[in-house]
Amino acid sequence: MSDTTASISHLELRSDVSHSQAFDSDPYRRHSIVNDGTRYPSKPLISTKGWTLAQLIKKSPNFCLVDRVRFDDPMLMQTIRIHEDSGAPLIIEGFHEHDSWPTDLFTLDWLSVHGKPGASARNVRTWADFDLPLSELIHKLRATPVYANKNETERLYGKDAECPHEWATWLSTSGVLPSDLLPHGTNDYLNYLSVSSDVQTLMCYLGVGDTFTPFHKDLCASSGQNLMCYTENGGSSFWFMTESSAAPAMAEFFQKMNEELDFETHVVTLKELGQSRLRIYIAEQTLGDLVLVPPRSCHQVINNGGITMKTSWSRMTLKGLSNSLYHELPVYHRVCRPETYKVKLNIYRALHRQTQMLRELCEQQTSSPHLDRSSPTVNSNLERVADDLHHLLELLDDVLAEEYSPKHQDMPHVSQSETCHQNNICCDFCGADVFQSFFECLPCALRTTGIDDKMKIGDGIVVCPLCYVEGRSCNCGTMNPTQCQPFGDLLKVRDKALHVIRAVCPDVVKDYKCLLGHPE
């Protein structure tokens, strides 16, 4: 739903069918920003005391080491590509030995002075999240014993903090890390989202021994990067990871344990990982290590020893968009998890921009008198962009098929044709990002206290089509089918992409038709 209705209660929603476990555990839930710990039962204590990487690998035949490669290895980029294609994790090591490593910048003392004064922390003993001053968090971490004990009541993990601007600048301008791996780098499809739809993925984490991130997958099949920037007293982090293809099997294993992988509430024990019989990649991340987390890799991080300070970010690839659309979003709908990365909008915006790119490349080839049109480099560049655009067209066609209604011209629209539509509407039940079609009730929203009576289309109670057909509705039960923008606008963008692909690779799209005149 739109930002203007953030205070609407889920008491205005109802459901006439059996719903997902996520909804049953918290009826009429809205995704809370802060967790007070009450949703999570007490978890068994887990500690890294006595752990070594060599001993961990020996604990089960399905455990293996994460591959490593030096940052200055001449085969670095080829190694990265091999692991990306296979869906296996990789660690690039030694960045702290680079001449441009910012030793003065990556310290707790610098962060305490120059970072934002507030911090968010989780007490891993109670799973309660709360805010506190950054200076207090650092003081508590330095005073915390490196190993947990069963009698303690507090062990803090600083999480999801906004990365300092100076760190972000160093990442993007220093030339130390490969450009393909950078946030908003050359291979990040999140770049195609507009500024108003921009999602922040660059985060900082402060931990001490025996703090952890439970088993989880990175959002929406994105690719994860995690750089160990600073440590104190021998701090490190143990990683337990699967390859991308193991995600369905791990989700099934979790359900056999009466757990839900996408709730991110279970810290898996070594015994359970062994019983999974899935290949589990294990690594100890130390200073200067960049961990590359494949899309859909199920992973868990347990900090060890003294303080660790990490920065992490996500990238979205074309393959990630496809995996998210077909595999992750259905799971998010089932467990009522907010989407965050606006996958369908990202596909649409990427297609729109790459259509422009391919058209400009074609025009340059036609207009430049000195360009060798038979050059393999020129043709391969055209074909590469056309191939990516073709994949985006396939994805968008599936999205449009879900969003289409033969009565779309009679529906109200949030934005009219030729206007810039701002996509900030989410389903009030499952948290899905609304790309085009939804059901809305303004009267129920108006009956909620504190709501402006001058509400516009898109400001009411919103339910996505999937939730609606499952029986989810507003309190009065009368919801109007609504669309974000005229459907013809989407078809126009789609057909332009088809036209420019056809100019470069006609055989690839020979079975495609323009839809603007006959969308059925």
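Student: Which strands does helix α5 lie across?

Tutor: Helix α5 (residues 134-143) lies across β5 (118-123), β6, β7 (156-162), β8 (203-207) and β10. Helix α5 runs at about 110° to β6. Such angles run from 0 to 180 degrees between N-to-C directions, with axes fitted to C-alpha atoms, for helices over the stretch in contact. Contact means heavy atoms within 4.5 Å. Helices (H or I, at least four residues) and strands (E, at least two) are DSSP runs, numbered from the N terminus.

This is a predicted model: local features need pLDDT of at least 70, side-chain atom pairs count only at pLDDT 80 or more, and totals for chains, interfaces and linings use all residues. Residues are numbered from 1 along each chain as its sequence is written, and side-chain values use heavy atoms, leaving out hydrogens and water.

Student: What makes β3 and β6 edge strands?

Tutor: β3 (67-70) and β6 (128-133) each pair on one side only. They belong to an open sheet of nine strands with mixed pairing, in the order β3-β4-β13-β10-β15-β8-β7-β5-β6.

Student: How do you know that β3 pairs with β4?

Tutor: Pairing takes at least two DSSP bridges between two strands. Four bridges join β3 to β4 (residues 90-93), so the two strands pair. They run parallel.

Student: Why is N233 called exposed?

Tutor: Exposed means over 50% relative accessible area, buried under 20%, partly exposed in between (1.4 Å probe, protein chains only). N233 has 73% relative accessibility, so N233 counts as exposed.

Student: And why is K342 called buried?

Tutor: K342 has a relative accessible area of 12%, so K342 is buried.
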